[in-house]
Every structure is written in C-alpha cells, then in structure tokens.
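Trainee: I have just opened this one and would like a guided look around. Could you walk me through it a piece at a time?

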Amino acid sequence: MADMLRRHSFSIAFLVVLCIAYKLLLPAPVEIHELGGATMGTTYSIKVVDMPGDLSPEQFAQRINELLTHLDKEQMSTYAADSELSRFNRAESGSPVPLSAELADVFALALDVSELTDGAFDVTVGQLVNRWGFGPQRRNPILPSDAEIAQLMTNVGYRHLELDKSAATLTKTTNVYVDLSGIAKGYAVDKVAEYFDSLGIVSYFIEVGGELRIKGYKPGKQSWVPAIETPVDSAPQVYEIFYANGESIAVAGSGDYRNYFEEDGIHYSHEIDPHTGKPVTHNLAGVYVIDASAARADALATAFMVLGAEEGFELAQRLDLAVYFITKTTQGEGFEDRYTRKFENYLQVE
Ligand code: ADP
Ligand code: MG
C-alpha cells in the first residue's frame, strides 16, 4: 500500500476533521459509525450517525468500497490501463467515444469549470502532468525544454474536447490525454453522498483524499467542524476551523505543499498552468472552496491554485464563491490568509 500511495499522483488528504469529543457532555451518547480504506491513490474516511437499518456494517462498508473501486479502477484512473478513461486516452481523435453516465457527468462539470476559469482548470493537461513527473510513470529526471513543452502544448486545451450531452459521447479533435485527478476525488465524494441520500441517511461526513461532504449534525446537534490545514508538508496542523451549521456542504482544498519535487532549489508543484505548460510558481500555498458539489469544489480549488491569490480572489468574489486563500509571506516562513464574503458565513457557529 505504501508503494501504491507513492506511485499515485493524488496527494494525501490535507483536510483534517476535528472530531471533538463532546461525548462526555451528551446525556445518551449515540455512536458515530466510522469506516475507511484506500481508493484513488489516497485514503477515504466516512462517518455516519444513523446507520441504515437493513444493512450490516460489513455490507455497508462493502457497498461503499465497491462504489469507489468502480469509479476509480474501472472509470477514472489513468493508472489502470483498462479504465474507461485510459481507453478514451488511447482512442483515435475525430471519432465520438460513448461515455458512461458518470464520465459524462464529470466531463460536463470539468468543461463548465474550464469555461468559468478561462481554462485554469483543464483536464487535457495530462501529457504535461506526465512529463513533469506527476502521472503514472516514474519521473524523467531531465526537465522538459521549452521546445518540448511547446510541442506537448499542441495537445492541450479543453476546446479540443467535444462533449455531446444528449448522445453521451466525447470526441477529441487532437491527440489529447485527459487526467481527471483534479476532479475525480470530489466526484467520488458526491457519488457516496448520493448513495447515502438514497438510503435515507441524514447525517454524515464523507472524505476522499481531503475532499469532503458534510450533512446534518453529529449527535447532540453538534456541527461537524472541518479544519483548514496549515500548508506545510509535515504532520497536519490546524490553521482554521469552520462550521457547517447543519447545512449540506462540500469542501475541497488544493495545495502545492504535499505533491511536489525540488530540483536545484526550485519547487515544482503538481498544479500545472495550462497556459504556460509549467508548474505554477506563485506564493499561494493552499486554497479551500465550499460549494454544494464536491466535484465542482475540487475542480475550482485546482483552478484557484493555478490562478494564484490575486486573480483567484477577484474571480471568487465575482462568482460569489466561498473560498479561503492561504499565501506565503514574502519574508520568512509565515502565512497570510484572505477569504471571500461568502466564506464568512462558515466561520461562526450559529
Ligand atoms: P490534490 O490531489 O492535492 O487534491 P488537486 O485536486 O488540485 O490536488 O489536483 C491536482 C492534480 O490534478 C494534479 O496532480 C494533476 O494530476 C491534475 N492537474 C494539474 N494541473 C491541473 C489543471 N490546471 N487542471 C486540471 N487538472 C490539473
Ligand atoms: Mg482539485
């Protein structure tokens, strides 16, 4: 498993949730059922207050595991050669490829976020991700030259993907290679939430690789309390906590401090700017997005990492999104934060 985690480009969870033990204060403690495992090159963790009556804990865990395995290995992984995405990546350009309902959904969302962010989020960055060493293969120690990047860029650009929603087909107009790592974990969280909603579960916490969905309250009407982590690559430290206050929300974060490499003192992030073909270099260390959809929040967080604190903040305010930015200060080791109007709602307990 350690090997598997290392080989995958998904970074390990960097949202931690504080399960503050209010148990002592509760008159009749209600148990929180917890489970977890590995998926998408990272881990998942789930907490449910009201277990479905007709499933044993083992059956419940198995259903969730099957759902996640299907989304990962059979559908969205570039690490599995026979996933639906890998088959699409091998398909000839010019001919429409039929999509599963899930991939059709993910591509529709991904292309929407590309439009909203002027291509800062772009799933066609796959060849660049691979060349910079953040894909399935081992990193090539020779950094790409500008000429090589320019060559790879001819196959980058979300406008090279044509999605036909009614026919549920996708056509590439050039030889693009798609990487869904910036949205797949969020989408998986949404699918688990959808499954829980269908079972009538009203209070849950779902996390896949740091992207999460929260609904309802913990026992004793305690708000779930997600935490924003300090953007450092050591053990997780809480930077700020916020409150869902019973609202059903998704939270996703992106950072350049867990998945990167260094060469000649230069930090190379796994977030690639689709306009330059290079890893981003600005001073934004981490960004968190709250939204109704975890897939959208995941993609938007990646986009804001690419845009940087200035441009990102302006866009987030303009779109009225709840976004929290943490930047490195120019002097020393410290951090500065800035959040949008909409994020303020989540910084207090109701
Ligand atoms: P994390 O895995 O830390 O949650 P993200 O959700 O930001 O990070 O996803 C980053 C991954 O998405 C990268 O490892 C890469 O595979 C892919 N990626 C990198 N740059 C972009 C981009 N501009 N648009 C879409 N996906 C990207
Ligand atoms: Mg993302």
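**A walk through the model**

Mentor: Gladly, and please keep in mind from the start that this is a predicted model. A residue to begin with is Thr302, which is buried, with a relative accessible area of 13%.

Trainee: Okay, and which residues coordinate the magnesium ion (ligand 2)?

Mentor: The magnesium ion (ligand 2) is held by Gly182 through O, by Asp298 through both O and OD, and by Thr302 through OG1, at 2.1 to 2.7 Å. Along the chain, these donors follow the spacing G-x115-D-x3-T. Gly182 sits in the loop between strand S6 (169-172) and helix H7 (184-199), while Thr302 belongs to helix H8 (residues 294-307), so the pair ties together parts that are 120 residues apart in sequence.

Trainee: Is Gly182 buried or exposed?

Mentor: Gly182 is buried, with a relative accessible area of 18%; the cut-off for buried is under 20%.

Trainee: You mentioned H8, so what about Ser293, where is that?

Mentor: Ser293 is found in the loop between strand S16 (284-291) and H8, and at 17% relative accessibility it counts as buried. Its side chain reaches the backbone nitrogen of Arg296 at 2.9 Å, and a polar atom of that Ser293 side chain also lies 3.3 Å from the backbone nitrogen of Ala295.

Trainee: And what is Ser293 in contact with, leaving aside its neighbours within four places in sequence?

Mentor: With those neighbours left aside, Ser293 is in contact with Asp190 and Ala250.

Trainee: How many salt bridges does the structure hold?

Mentor: The structure holds eleven salt bridges. As background, side chains of opposite charge can pair when their charged atoms come close.

Trainee: Switching to sheets now: in what order do the strands S4, S5 and S6 come?

Mentor: These three strands form an open sheet in the order S4-S6-S5, with antiparallel pairing. Strand S4 (97-98) and strand S5 (161-164) are the edge strands, each pairing on one side only. S4 and S6 pair over two bridges in the antiparallel sense, and you can find Pro98 standing opposite Thr169 in S6.

Trainee: Which helix lies across S5 and S6?

Mentor: That is helix H4 (residues 101-116), which lies across S5 and S6 and runs at about 125 degrees to S5.

Trainee: What do S12 and S13 form?

Mentor: S12 and S13 form a hairpin with two residues between them, and Asp264 in the turn has a positive phi of about 50 degrees. Four bridges join strand S12 (residues 260-263) to strand S13 (residues 266-269), and the two run antiparallel. Within that pairing, Tyr260 stands opposite Ser269 in S13.

Trainee: Last one: where is Val232, and what is it in contact with beyond its neighbours within four places in sequence?

Mentor: Val232 has its place in the loop between strand S9 (225-229) and strand S10 (238-241), and at 22% relative accessibility it counts as partly exposed. Beyond those sequence neighbours, Val232 is in contact with Gln237, Tyr257, Arg258 and Phe335. Val232 and Tyr257 are 25 residues apart in sequence and 5.8 Å apart in space, going from C-alpha to C-alpha.

How values were computed:
Residues numbered from 1 in each chain as written. Chains lettered and ligands numbered in written order. Predicted model: local features only at pLDDT ≥ 70, side-chain atom pairs only at ≥ 80, totals over all residues. Heavy atoms only, no water. Donors = N, O, S within 2.8 Å, 3.2 Å for Na, K, Ca; no water. Buried < 20%, exposed > 50% of the residue type's maximum accessible area, 1.4 Å probe, protein only. Pairing = 2+ DSSP bridges. Contact = heavy atoms within 4.5 Å. Axes fitted to C-alpha atoms, helices over the stretch in contact; angles between N-to-C directions. Polar contact = N/O pair within 3.5 Å; in protein donor to acceptor, adjacent residues only side chain to side chain. Salt bridge = Lys/Arg side-chain N within 4 Å of Asp/Glu carboxyl O.
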